[in-house]
Amino acid sequence: LALCLFAATATASISVEGKGATFPSVVYSSWFSAYTVLEPGVIMSYNSSGSGEGKKAILSRLVDWGASDSSLSAEEFGNNTDIQMLPMLAGAVVPFYNIPEVPQNQNLLLTANLLTEIFAGVLQRWNDPRIQALNPGFDLPDAAIKVVFRSDKSGTTNIFTSALASFNSSIWTYGAP
């Protein structure tokens, strides 16, 4: 049906506007370029402003489609039954570190519980005996762990904090946005 709709309107110019997550923006641009070769009358645009902005824009009906790394809440979805949520891409959210004492071609090992303690501010030093026990080949520094995080309504933050809450909700008491 959609192909027939586009075929019937191929001579008219159609503008489709989206907004949201930054993670998939490069893929979307590639898809749009390929699609406009097939359908030059369709003008696709995407503003990669963040998952929170994408959700806000689609819920406010300011765009034709929104993108987010996380789903709408049950309440948001229930109040907007005309909106469809479709998975588009899969990706991973991973923590990273900068410890000169850990060679670049090797990985620092952390358990889910230790990761939760780091982001909750409970575990504060790289040479903590529990981290050192998992990484006996490294001489970890007696240095403060400096946690860096996003402050906007990021879908990636939602995914990561949901994971922390699932790892240990007694340590991660901040919930998931």
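Q: What makes G137 count as exposed or buried in this predicted model?
A: The relative accessibility of G137 is 72%, and exposed means over 50%, so G137 counts as exposed. This glycine lies in the loop between α6 and α7, and its C-alpha atom is separated by 28 Å from that of I171, which is 34 residues away along the chain.

Q: Why is G121 called partly exposed?
A: G121 has a relative accessibility of 33%, and the partly exposed class runs between the limits of 20% for buried and 50% for exposed, so G121 counts as partly exposed. G121 lies in the loop between α5 and α6, just after α5, where it takes a positive phi of about 85°. Its C-alpha atom and that of E17, 104 residues apart along the chain, are separated by 41 Å.

Q: What makes α5 oblique to α7?
A: The axes of the two helices come within 9 Å and cross at roughly 120°. That makes α5 oblique to α7, because roughly perpendicular covers 65 to 115 degrees and roughly antiparallel begins over 145, with the rest counting as oblique. The crossing of α5 and α7 is left-handed.

Q: Which residues of α5 and α7 meet, and how do they divide into nonpolar, polar and charged?
A: From α5 come A112, L115, T116 and F119, and from α7 come F160, L164 and F167.

Q: Which residues of α5 are buried, and what covers them?
A: In helix α5, residues 112-120, the buried residues are L114, L115, T116, E117, I118 and A120, a term that requires a relative accessible area under 20%. What covers them includes α6 (129-134) and α7 (155-167).

Q: How do you know that D82 and R61 form a salt bridge?
A: The closest N and O atoms of D82 and R61 are 2.7 Å apart, and a salt bridge needs a side-chain nitrogen of Lys or Arg within 4 Å of a carboxyl oxygen of Asp or Glu, so the pair qualifies. D82 lies in the loop between α4 (74-78) and α5, and R61 in the loop between α3 and β3 (65-67), so the pair ties together parts that are 21 residues apart in sequence.

Q: What is the N to O distance in the salt bridge of E53 with K19, and which parts of the chain does the pair link?
A: The closest N and O atoms of E53 and K19 are 4.0 Å apart, to be set against a cut-off of within 4 Å, and the pair is one of the six salt bridges that the structure holds. It links distant parts of the chain, with E53 in helix α3 (residues 51-59) and K19 in strand β1 (residues 14-20), 34 residues apart. K19, E53 and K56 are linked in a network of salt bridges. E53 has a relative accessibility of 31% and so counts as partly exposed.

Q: Which residues is K19 in contact with, leaving aside its neighbours within four places in sequence?
A: K19 is in contact with Y46, N47, S49, E53, G54, A57, V63, W65, G66 and A67. K19 and A67 are 48 residues apart in sequence and 6.3 Å apart in space, C-alpha to C-alpha.

Terms used:
Residues numbered from 1 in each chain as written. Predicted model: local features only at pLDDT ≥ 70, side-chain atom pairs only at ≥ 80, totals over all residues. Heavy atoms only, no water. Buried < 20%, exposed > 50% of the residue type's maximum accessible area, 1.4 Å probe, protein only. Helix = DSSP H or I, 4+ residues; strand = E, 2+ residues; numbered from the N terminus. Contact = heavy atoms within 4.5 Å. Axes fitted to C-alpha atoms, helices over the stretch in contact; angles between N-to-C directions. Parallel < 35°, antiparallel > 145°, perpendicular 65-115°, else oblique. Left-handed = near helix turned anticlockwise from the far one by under 90°.
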